[in-house]
Amino acid sequence: MNTSATFGVGTPSESDFRDTRDGDMSDIGLTKGHVTVGSVEIQAAKITARGVNIFYGDKQAIHDVNVDIGKNQVIAMIGPSGCGKSTFLRSLNRMNDTIDGCKIEGDIRIDGEDLYSPKLDVVELRARVGMVFQKPNPFPKSIYDNVAYGPKIHGLAETRADLDEMVEKSLRRAGLWDEVKDRLFQAGTGLSGGQQQRLCIARAIAVSPEVILMDEPCSALDPIATARIEELIEELSHNFTIAIVTHNMQQAARVSQRTAYFHLGRLIEVNPTEQVFTNPEHSLTESYITGRFG
Amino acid sequence: MANMSFENHIVKQFDGELEDIRTMLMEMGGKVEQQLKDAITSVAGVDSALAERVIERESHVDEMELDIDEACMLIIARRQPAATDLRLVMMVSKAVNDLERIGDEAKKIASHAIILAEQDVPSKGYTEVRHLGKGVSNILANALDAFARFDVEAALKTLKDDHQIDLEYKTALRELVTYMMEDPRSISRVINILWVVRSLERIGDHAKNLCEQIVFVVKGQDIRHSELRG
C-alpha cells in the first residue's frame, strides 16, 4: 500500500459493494445502454474519462462512464448512496488500486496522459492529484509537520526556509494561517473539526497538485466551518481543478460550475450546474434534486 | 416535461405546500376574474352599486397576495426547492403580482363606472368597452385555465390572442378620439371610457405575463423579452 503522498486511504463503504449490476431499471426510466445526457465533453479538459467500468470482484460499481473535467473548474458529483460517485472519484488518482479485487476498465487521462499506464509513477500521480476526505484525518503530528510532510518526501524544499515558506503559503491558501500561526508546533489533532479539514486541504495543496479530489469534505462539519470550506473551494478553483463528491445538493449548486448526477453506477447527466438545478435534462436528475427519491 | 407533478416528495409536507400555493393562486385567479367581470358589468350596465362592491372586495385580493407571497417565501426558506419545484415557486410569486395588478385595474374600472353613472348624458364608447371587456375576460380565463392544467399549448395560444387585444385596443382608441372630435362637450365623459379601455388593455398584458410564466414552469424556458436573446 502506498500512502506516501495521499495521506490516508479512503475505506470503501458498504454501499460500494452493493450489487448494482443490471437489475430491472425500466421502472425508473433507465435502460442498460444508458447514454449520459448533457455535455460530457468540454473544451480545456484537465481529465478525460472514457468508457470507464469499475468492478469490485464480480460486482460492477461503475458502468461505462464518460466525462471531461475542466481545468480550473469545480465539478460536483451527486447521487444517492451507493451510486458509485465516490468510487469514480477515487479512480481519478488510483485510490482504488489499494482495494483488493477492484478492477478498472476504460481510459482515464490527465492532460492526455494515461492514468493507468504501467509506466506511470503512482506516487507522483497522487502528488498531482491530491485528495481530501470526509473525516478530517490529520497525522498525529504538529500542524507544521502535517503540511511539511508532503513537500519533504517529494523533495520539494531545499532548505528549511523553503519549507517554512511552503507551509505558510499552504496554510494561508487554506485560510488557516491566522488561526494557527502562533501554535504551529502543537498537534494538528487539537484543532476543531473545521480547522482540521482546512489543515488537510493545506496538506493536500502543499505539494502543488493540479487536481484536488474532495470526498464529502464538509459532511462532518458544522454550517460555519462548511461555509469556510466552500469559500475556500471557490478560491482554490482559480488555480486548481476540483472534483467534489457531496450529498449536500445545495453545496453542489453553490460551489460547482458543472454537476454530474450518478445513479446505480451510471452517469445519468452532466451539465452546467445552473441548468442542473433549474432545468435538468433527465427525469432521474430532476427526481433526485427535488427530493423525490434518494 | 409533459406531465407536471408536484407530488411524490420524500417529505410529504413539501407536496402539500406546493399544492397549497397552486390552489391559493387558482383561488386568487378566480377572485380576480370575478372582479374583472363585475367591473365591466358595472360600466356597461351603469351599476354604481356593483362598482362599489368591486372596490370593496379589492382588499381581499390584496390579502391573498400577501398570504401567497408568504407561503412562497417559507417554501424557499424551508425546502430549498430545485428544478420544476423552484420554477413553480418563482412562477407563483410572480403571477401573484400580475393578479394583484389585474385586481387594481378592475378597481380603477369600477371607479370610472361610478363617475360615468353620475353623469346625466350617457357617454359614447360603451360598445368598445363591452367588446374589449369580453375579449380580455376570455384571455384571463384561458390563462388561468392553462395554469390549472399546465397547458403550454393553451398558454401560447392565449399569448397570440393578447396580440389581437392590443390591435382592438388601438381601434377602440381611434373610435374614442373620433367621438371627442365630433363633440368636444363629450370629452370629459369619453375620457373616462378611455381610461377603462386602457385598464382593460393592461389586464390583457398581465394575463400575457401569466402565460409566459406557465411556459417557464413547464418547459424551463424563459420566453419573456425573447427578442433580447435571439
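**Note on the predicted two-chain model**

1. Just after helix α4 of chain A, residue A:G175 adopts a positive phi of about 65°. The structure under review is a predicted model, and the points below should be read accordingly.

2. Helix α4 of chain A covers residues 160-173.

3. Which residues of α4(A) are buried? They are A:M166, A:V167, A:S170 and A:L171. Because these residues cover an arc of only 125° around the axis, they lie on the same side of α4(A). An α-helix has 3.6 residues a turn, so residues three or four places apart point the same way. On the other side of α4(A), A:A161 and A:D162 are exposed.

4. The packing partners of α4(A) can be named as well. Its buried residues pack against three helices of chain A: α3 (143-153), α5 (177-180) and α6 (193-205).

5. Chain A also contains an open sheet of four strands, in the order β3-β2-β5-β6, with antiparallel pairing. The edge strands are β3 (59-70) and β6 (113-114), each of which pairs on one side only. Within this sheet, β2 (residues 45-56) and β5 (residues 102-110) of chain A are joined in the antiparallel sense over eight bridges. Opposite A:Y56 stands A:C102 in β5(A).

6. Chain B has seven helices and zero strands. Read along the sequence, its pattern is α-α-α-α-α-α-α.

7. As to overall dimensions, the C-alpha trace of chain B spans about 65 × 40 × 25 Å along its principal axes. A compact globule with 230 residues would have a radius of gyration near 17 Å; chain B has 19 Å, which agrees. Of the 230 residues of chain B, 44% count as buried. Among contacts in chain B with a separation of 6 or more, 80% come from residues 24 or more positions apart.

8. The contact between the chains takes 13 residues from chain A and 13 residues from chain B. On the side of chain B that touches chain A, helix α3 (residues 83-118) of chain B gives the most, with five residues. By class, that side of chain B consists of six nonpolar, five polar and two charged residues.

Note on methods:
Residues are numbered from 1 along each chain as its sequence is written. Chains are lettered from A and ligands numbered from 1 in the order in which they are written. This is a predicted model: local features need pLDDT of at least 70, side-chain atom pairs count only at pLDDT 80 or more; totals for chains, interfaces and linings use all residues. Two strands pair if DSSP finds at least two bridges between them. Helices (H or I, at least four residues) and strands (E, at least two) are DSSP runs, numbered from the N terminus. Two residues are in contact if their C-beta atoms, placed from the backbone, lie within 7 Å. Ala, Val, Leu, Ile, Met, Phe, Trp, Tyr, Cys and Pro count as nonpolar, Asp, Glu, Lys and Arg as charged, and the others, Gly among them, as polar. The expected span of a helix is 1.5 Å times one less than its number of residues. A residue is buried if 20 or more other C-beta atoms lie within 10 Å of its own, exposed if 12 or fewer, and partly exposed in between; C-beta atoms are placed from the backbone. The arc is that of the directions from the helix axis to the C-beta atoms. The radius of gyration is taken over C-alpha atoms; the globule rule is 2.2 Å times the number of residues to the power 0.38.
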